[in-house]
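Reader: I'm new to this structure and would like to understand the words used for it. Could you take me through them?

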Amino acid sequence: MATAKKVSFKLNGKPVEVTVEPRELLIHTLREKLAHTGPHIGCETSHCGACTVDLNEMSVKACTVLTVQCDGAEMTTVEGMEQGGALHALQQAFHEEHGLQCGYCTPGMITRAYRLLKENPNPSEQDIRSGISGNLCRCTGYQNIVKAVQSAAKKLAAA
Amino acid sequence: MIPAGFDYHAPRSVADAVKLLGELGPEAKLLAGGHSLLPMMKLRFAEPGHLVDLGRIAELRGISQSGNEIRIGAMTTEHELLNSKLLAEKVPLLVEGAGWIADPQVRYKGTIGGDISHGDPANDQPALMIALDASFVLAGPKGERVVKADGYFLGLYSTQLAEDEILTQIRIPVPPAGSGWSYHKLKRKTGDFATAATAVMLQMKGKQVAKVAIALTNAGPTVLKARDAEAYLTGKAIDDASLNEAARLAMSICQPTPDQRGDEEYKRAMCGEMTRRALQAAHARAKG
């Protein structure tokens, strides 16, 4: 029988410790053990991007990462975007530009766009479209998501 | 979609990883970026008793130049390849190829070594490696050996990598100045595997082809080197007639598997078209 492991990491700035079987996927630890239900389970096959979290400054799909791989990591989920009661520029922009309809893909979209803008603060429309190409949205047709990311990029650059 | 149980090991050095592999035996699998292995484990197509995670071994990462050779640690991610200034300058084919792999999130985790070692004919790195005449460093209990990419891929999920060995480094001779390059890939959508794809490295001498390497992704049970097309083109000018013949010769060695991406005839035709386009693009970039 597989030996359970203690795993510690920083989740949205706060240290957490969990005991998991090696086969436990990060998305399940986040949602079921740590009550962080922002990252969603969409396809479970690393296609849709609804489970995207920021792990050690990388956008990753939490359905295809083992929790035991995250020992010592720094992780940000959509729950960590808001600062001091104020929405992150991306959250505000998704609201203002109507960048969502059902909202299921939104936490993954915002978390992915967060890393995209860190790496490329002034992206072209094409940069945004290819940058979020690992995140599927079945409602919006992407137009307003792209607008939201553009709008957030401008606000962040001006701040 | 939860994998069967296994024990997890995270060695800190290649030596420790090789030792672990030896102790654990055939029940152990190496974990690189995990974006081929973990999906297979979630579907229970693979149920290893032990995973040896290479993710904590610092010596397996990084891109550097040593003399006339580029050396890439096997755990270097596709994202790192895509953003490498050294590769953009010295081996731009690898940067272009990496951009066609999967999607951004998968590229942050997926590694060049995992892509190569998996032995999947649908993966992109095998064709890129063959076009670039790369060599692989394999570490095992008896030390290291270096093998050529051409000949490394034996069949479906089968390579020269032995069960007790680890691919540690990829070595690529810097292509001569003026070389043309291209990776042309047809895929239905982001994240899909290739319907067909062709990697080309090309050196011209005046109007004539001095040297060309052509490798085909997902055109058979393993990556294919289009040797007849290469031999035919050498010494010839690149024009419509020679491109057509090279594409025909590439198509003649294809044995594509029919699936949701197309039937055999369509996939073979697309292999020809990708070969034609990759050769044209490489020709447009080649100087000499």
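Reader: What makes the crossing of α3(A) and α5(A) right-handed?
Author: A crossing is right-handed if the near helix is turned clockwise from the far one by less than a right angle, and left-handed if anticlockwise. The crossing of α3(A) and α5(A) is right-handed. A word on the source: this is a predicted model, where local features need pLDDT of at least 70, side-chain atom pairs count only at pLDDT 80 or more, and totals for chains, interfaces and linings use all residues. Residues are numbered from 1 along each chain as its sequence is written, and chains are lettered from A and ligands numbered from 1 in the order in which they are written.

Reader: Why is α3(A) called oblique to α5(A)?
Author: Helix α3 (residues 106-119) and helix α5 (residues 143-158) of chain A pack at about 45°, with axes 11 Å apart. Angles under 35 degrees count as roughly parallel, over 145 as roughly antiparallel, 65 to 115 as roughly perpendicular and the rest as oblique, so α3(A) is oblique to α5(A).

Reader: Which residues of α3(A) and α5(A) meet?
Author: Met109(A), Ala113(A) and Leu117(A) of α3(A) meet residues of α5(A) including Ile145(A) and Leu156(A); contact means C-beta atoms, placed from the backbone, within 7 Å.

Reader: How do you know that the span of α11(B) agrees with its 22 residues?
Author: The expected span is 1.5 Å times one less than the number of residues. For helix α11 (residues 264-285) of chain B that should be 32 Å, and the end C-alpha atoms are 32 Å apart, so the two agree.

Notes: Axes are lines fitted to C-alpha atoms, for helices over the stretch in contact, and angles run from 0 to 180 degrees between N-to-C directions. Helices (H or I, at least four residues) and strands (E, at least two) are DSSP runs, numbered from the N terminus. Two residues are in contact if their C-beta atoms, placed from the backbone, lie within 7 Å.
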